[in-house]
Amino acid sequence: MKALNHIRDMARQDPRRIVLCEGDDARVLKAGLAASQAGYARILLVGDRQAINARAEAEGLELGAIELIDPADSEHTDRLATLLLELRGPKGMTEEDAAQRVREPLIFANLMVRDGLADGCVAGAVHTTADVVRAAIQLIGKAPGASLVSSFFLMMLCKEFHSLKGGMIFSDCGLVVDPDASALSQIAMAAADSAEALLDEPARVAMLSFSTSGSAHHASVDKVVEAARKVKNARPGLAIDEDVQLDAAIVAEIAERKLPDSRVKGNANVLIFPDLEAGNIGYKLAERIGGAEAIGPLLQGLARPANDLSRGCSEEDIVNVIAVTTVQAQRLSVA
């Protein structure tokens, strides 16, 4: 797993403060300990101290270097409540509401990231994707210049039977339902940035369609082509193919026949799906039938990292997302 090992190595070089907020879940506790012991992050754990300690005791776990923060008695609670009111007061939140809601671990954790008390947040083992994404957008906010927040999966193709090996970025497979050309171009550029940060190689982007280089005519193809041209105008140095079928995106021999002028040349490491329906189906096919390991959904377009987990995630899944979040935080600090 070259790409994943690279991510872990980068995380160890400069571990960041990653906050977790679902400490009454044994998977989260074990993953936090594992990530801390491996040196991928300095783990902060937000929640009810008594409940977390009880869960740790029941699992036979020593929390060790993990810093436990209980909003009920934290020195940061009042300041974060004030920050919450500043952010959500214009939307109707009252001072009383803020004082109450800041004690919710997911809210507190995201506010810690916003306030610089943590470098990134990981949640979703218990909370829904909608709750995780809403908290991140409302409390951490979009990155400067970003028009939307989208998601991607880091797909690992590392098994013996995989003819195509390494890491790939699939986007958007979990968040933006039906992007127009402008939104699709933003997704593509964000995904290219994610590839540059995580794969240790230049991004090579394929804008997927049922058409290759104008072989079919349809409004959905036009959208993909328009999006790709917006990306080319914004980033002329980026290797990107316009409307391209999956086989031509990842098989060099087919690309040579179907798309001889391709800059990607059948060697895409970033696959941009035309809508969420295609993206969600695509990543699950790759995972369930193709045997790829899917890490995510990971978020892109935020001012600071916050990532989602599947509620069916394993301990190893959480550790991997923690490592990715550290690398994203490193990248932002030097951007």
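**Close-up views of salt bridges and a helix contact**

**View A. Glu-287 and Arg-288 form a salt bridge.** Arg-288 is exposed, with a relative accessibility of 69% (buried means under 20% relative accessible area, exposed over 50%, and partly exposed in between, with a 1.4 Å probe and protein chains only). The model is predicted: local features need pLDDT of at least 70 and side-chain atom pairs count only at pLDDT 80 or more, whereas totals for chains, interfaces and linings use all residues. Residues are numbered from 1 along each chain as its sequence is written, and side-chain values use heavy atoms, with hydrogens and water left out. Glu-287 has a relative accessible area of 21% and is partly exposed. The N to O distance in this pair is 3.7 Å. A salt bridge is a side-chain nitrogen of Lys or Arg within 4 Å of a carboxyl oxygen of Asp or Glu; 18 salt bridges are counted by this rule.

**View B. Asp-70 is joined to Arg-49 by a salt bridge.** The N to O distance is 4.0 Å. Asp-70 sits in the loop between strand E3 (67-69) and helix H4 (77-88) and Arg-49 in helix H3 (residues 49-59), so the pair ties together parts 21 residues apart in sequence. Helices (H or I, at least four residues) and strands (E, at least two) are DSSP runs, numbered from the N terminus. Asp-70 is buried, at 10% relative accessibility, while Arg-49 is partly exposed at 30%.

**View C. Asp-178 pairs with Lys-223 in a salt bridge.** Their closest N and O atoms are 3.6 Å apart. The pair links distant parts of the chain, 45 residues apart: Asp-178 is in the loop between strand E6 (166-171) and helix H8 (181-198), and Lys-223 is in helix H9 (residues 219-234). Asp-178 is exposed, with a relative accessible area of 58%; Lys-223 is buried at 15% relative accessibility.

**View D. Salt bridges link Lys-30, Arg-55 and Glu-59 in a network.** Side chains of opposite charge can pair when their charged atoms come close.

**View E. Helix H4 packs against helix H6 (residues 105-115).** The angle is about 85 degrees and the axes are 10 Å apart; axes are lines fitted to C-alpha atoms, for helices over the stretch in contact, and angles run from 0 to 180 degrees between N-to-C directions. H4 and H6 are therefore roughly perpendicular (65 to 115 degrees). Residues in contact (heavy atoms within 4.5 Å) include Leu-80, Leu-83 and Leu-84 of H4 and Ile-107, Phe-108 and Leu-111 of H6. The residues of this contact divide into 8 nonpolar, 1 polar and 3 charged, where Ala, Val, Leu, Ile, Met, Phe, Trp, Tyr, Cys and Pro count as nonpolar, Asp, Glu, Lys and Arg as charged, and the others, Gly among them, as polar.

Methods:
Angles under 35 degrees count as roughly parallel, over 145 as roughly antiparallel, 65 to 115 as roughly perpendicular and the rest as oblique.
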